[in-house]
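I will jot things down as I go.

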Amino acid sequence: MPELHFTEDDIKEAKVGRTQVLGTELLYVVKTPKGVVRYEYRYRVPRNVERDCRTRVTAVGKPGISLNKAKDIAAKYQEWLKDGIDPQDAKKWKHRDEMTFGKLADEYIEANKHRWGEKRFSEADLFLHKYGVKLTKLRMAQCQIEVIRDAYKPLLERVPRQARRALT
């Protein structure tokens, strides 16, 4: 018996709701009443040896991606599961791996500026953006303590008290 596969035409003709994509294990197409198409990957992750598994659902790409792209992403998720990695956890790690010092500094300032006075805000901006300019494009995994100390070394020599505050 030949194996069944979905095509882009099948996706266009899919009914509103969730439908399993034939030919790709654990991949589902979800079509909204407005015709928006998105994909889901439904899988089971063992909690521990004694208990049952729980079903998890994670988005596959962004709404409107092609079927082939969704299948490629689902294949990557399947590989992660074979290696014992939860796809949702792996997606979080990817975001963290792509985070740079500059982005994190901006997020930190944005998250805290409502609590700070004008002076504290300007100090944080100065420490993170002016003195930390050498760190701005580094990914967080590259920000080792030696690299950070080197970036703040001129400040440490000129105003040691402020530099220590910046480094802590």
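I started with Arg42, which is partly exposed at a relative accessible area of 23%. My cut-offs here: buried is under 20% relative accessible area, exposed is over 50%, and partly exposed is in between (1.4 Å probe, protein chains only). Before going on, I noted that this is a predicted model, where local features need pLDDT of at least 70 and side-chain atom pairs count only at pLDDT 80 or more, while totals for chains, interfaces and linings use all residues. Residues are numbered from 1 along each chain as its sequence is written, and side-chain values use heavy atoms, with hydrogens and water left out.

Entry: salt bridges. I count one when a side-chain nitrogen of Lys or Arg is within 4 Å of a carboxyl oxygen of Asp or Glu. The structure has six of them. Arg42 makes one with Glu40, and their closest N and O atoms are 4.0 Å apart. Glu40 itself is buried, at 8% relative accessibility.

Glu40 also meets Arg18 in a salt bridge, at 3.0 Å from N to O. I looked up where the two sit: Arg18 is in strand E1 (residues 17–20) and Glu40 in strand E3 (residues 37–46), so the pair ties together parts that are 22 residues apart in sequence. For the labels, helices (H or I, at least four residues) and strands (E, at least two) are DSSP runs, numbered from the N terminus. Arg18 is partly exposed, with a relative accessible area of 48%.

Next I went to Glu79 and Lys82, whose salt bridge has its closest N and O atoms 3.9 Å apart. Both residues belong to helix H2 (residues 67–82) and are three residues apart, about one turn of the helix. An α-helix has 3.6 residues a turn, so residues three or four places apart point the same way. Glu79 is partly exposed at 43% relative accessibility, and Lys82 is exposed at 59%. Back to shared partners: salt bridges join Arg18, Arg38, Glu40 and Arg42 into one network.

Entry: rings. I pair rings of Phe, Tyr and Trp (its six-membered ring) if their centres lie within 6.5 Å; planes under 30 degrees apart are stacked, over 60 edge-to-face, and the rest tilted. That gives four aromatic pairs. In one of them, Tyr77 and Trp80 have ring centres 5.6 Å apart and planes at 25 degrees, so the pair is stacked. These two are also in helix H2, three residues apart. Tyr77 is buried, at 4% relative accessible area. Ring pairs link Tyr41, Tyr43, Tyr77 and Trp80 into a cluster.

Entry: charges over rings. My rule is NZ of Lys or CZ of Arg within 6 Å of the ring centre and within 35 degrees of the ring normal. Arg42 turns up again here, over the face of Tyr28 at 5.9 Å from the ring centre. Arg120 has its charged end over the ring of Trp116, 4.9 Å from the centre.

Entry: helix H5. Which residues of H5 are buried? I found Glu123, Ala124, Phe127 and Leu128. Seen down the axis, the buried residues of H5 fall within an arc of 110 degrees (taken from the directions from the helix axis to the C-beta atoms), so they line one face of the helix. On the face turned away from that buried side, I noted the exposed residues Glu118, Lys119 and Lys130.
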